[in-house]
Amino acid sequence: MARRGVWVWLREDVWEIPLRRYLALLVTAALVTGGWFGVSALAQDDRSCAPGVVRPEGSDECVGVSTSDYAFDRPQLRDVVEAIDRENRSLKAGSYVTVALLEPFTASDPDNLGDVLHEMQGAYLAQYRANHESNGQSPAIRLVLANPGATGAHWQHTVDELERMAKGPDRLRAVTGVGLSTENNKRAVQELTRRGIPVIGTSITADDLANGQNGKDPFPGLARVSPTNTDEARALASFAQVMAGKALLVYDKPGDPYTRTLQESFAKLIKGSPYEPQPFTPPADRSKEGTTANTFRQITHLVCDTAPETDTILFAGRHTQLRQFINALGGRGCQDREFTLLTGDEASYLTGDKDLDRSALTHNLSVRYTALAHPDAWAKASAKTGGSAADAEDLDELLSSAARKPVGPIGEVSLEDGQTIIAYDAMRLAVNGIREATTDGKTVPPLADVGLQWPQVKGSLRVNGASGWICLDVHGNPYDKAVPIVELTPEGRARFVKIAWPEGKPPGKECLPPS
């Protein structure tokens, strides 16, 4: 027994103790390795925000293409996102194609986010009308939300996702929206169209974000429902009768696509002016305040130094800087002199800008701008062509049912800034192109054929938009599009003044662009 006990002890000492140590080391290594992979997997999962939406490396923004009821953590978007998701889920498999709305859904600036909300509402209402009030026309339309980030910095990732959807079972056939004329949006549009994906711009107005400039088409498949800055400036000139000797130009330097082309258009209007144009330099992110308020205070002194007959200021800048300039003009030394400030459609943001000093508009200062659309335009218009009150009323009727199911609710609606109207028209143009490209007996049109429809949208084939007739030239630009001239009131409202026309008069009833 003693010998056996010694043998057992020796066996355990020689074999089992080291074996236990080895097993312990292996278990520990496995746990460490498993833990590392687990943490890595969790970290990888943490980059996901929702189906199709992720946080790119080095960013906290959720970007990509949302196909669910995800509202990008923006409570004000919740109602309309849920309405879109409800409509999408009601569609039968195989009966629809997809249209993406490209907007900065993670914008933090209240004015930009309000713009996004209104464009979503307009696009959704057009989707609902296409699916329920088109006499059974096909295909049905599914709407998804494409976010390139608040400043568009992640456009490449989002464009890649959209291309994947165009080639796959999502059957993406068009991208609408885009909104601001920025460098990042310009890159996104250029890449989307290069990859053969049609784009319909809502409120992009920059001349260098359009085809047909110098006879070239750098964005094949791009169509727009808003006039270019040049056309807006021509319409404004025909309305205001701007005279070179009585106007001073204030402009953003170095500018972005919107401000640069607006500056160039205004400069042509006042060629030969005795006054040197006055520049200001805003932050790279033009939604930020920066130090430009100080520059504007100095410029107001120069405004007062102009000859007594000078009564017009042309402003080429974004809305934050426009608000700063108006506030500075409210405190100018020559308040006894009357001035009219004329600018582009960025002024539409000012109706909701709480930092605007509205009292400035009571000191012999009028602010008038070219709006993309206005709810009163056709009710008060005298034009017999170029649009109609009946076309605008179609949207009004749809809005009246959007406060409750099955259409709504879609959140607080305001038509004054024109964004809901113009986004509604852009989606209707997208639907028109998709269905015209769909051959009999088919549900899905070839992707390449959708963008080929734009040159035919004219004459009796025009789109009767709520913002006016959409008659496209061969480059996809609207011909002689109605331009509402709007005045900002001291109450913070956008008062409709008159419809102006780039050609100086409405298009003929045939609405055919000249050669």
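Phe 105 has a relative accessibility of 0%, so this residue counts as buried (buried means under 20% relative accessible area, exposed over 50%, and partly exposed in between, using a 1.4 Å probe and protein chains only). You are looking at a predicted model, in which local features need pLDDT of at least 70 and side-chain atom pairs count only at pLDDT 80 or more, while totals for chains, interfaces and linings use all residues. Residues are numbered from 1 along each chain as its sequence is written, and side-chain values use heavy atoms, with hydrogens and water left out.

A pair of aromatic rings is described by the distance of the centres and the angle of the planes. Rings of Phe, Tyr and Trp (its six-membered ring) pair if their centres lie within 6.5 Å; planes under 30 degrees apart count as stacked, over 60 as edge-to-face and the rest as tilted. The whole structure holds 9 aromatic pairs. In one of them, Phe 72 and Phe 105 are stacked, with 5.2 Å centre to centre and 15° between the planes. Phe 72 sits in the loop between β3 (63–66) and α2 (78–89), and Phe 105 in the loop between β4 (96–102) and α3, so their pairing ties together parts that are 33 residues apart in sequence. Phe 72 is buried too, at a relative accessible area of 1%.

Now find a second pair, Phe 296 and Phe 325. Their rings are tilted, 5.2 Å centre to centre with 45° between the planes. Phe 296 belongs to helix α8 (residues 292–305) and Phe 325 to helix α9 (residues 319–330), so this pair ties together parts 29 residues apart in sequence. Both Phe 296 and Phe 325 are buried. Ring pairs also link Phe 280, Phe 296, Phe 315 and Phe 325 into a cluster.

Moving on from α9, look for Arg 337 in the loop between α9 and β12 (339–343). Arg 337 counts as buried, with 16% relative accessibility. Beyond its neighbours within four places in sequence, Arg 337 has contacts (heavy atoms within 4.5 Å) that include Val 303, Cys 304, Pro 308 and Asn 364. For a contrast in setting, turn to Ala 403 in the loop between α10 (389–400) and α11. Ala 403 counts as exposed, at 58% relative accessibility.

How do α3 and α11 pack? Two packed helices are described by the angle between their axes and the distance between the axes. The axes of α3 (residues 110–132) and α11 (residues 419–436) come within 7 Å and cross at roughly 40°. (Axes are lines fitted to C-alpha atoms, for helices over the stretch in contact, and angles run from 0 to 180 degrees between N-to-C directions.) That makes α3 oblique to α11; angles under 35 degrees count as roughly parallel, over 145 as roughly antiparallel, 65 to 115 as roughly perpendicular and the rest as oblique. Among the residues that meet here are His 118 and Leu 125 in α3, and Tyr 424 and Met 427 in α11.

Finally, step back to the whole chain. The protein chain has 12 helices and 17 strands. Buried residues make up 54% of its 515 residues.

Terms used:
Helices (H or I, at least four residues) and strands (E, at least two) are DSSP runs, numbered from the N terminus.
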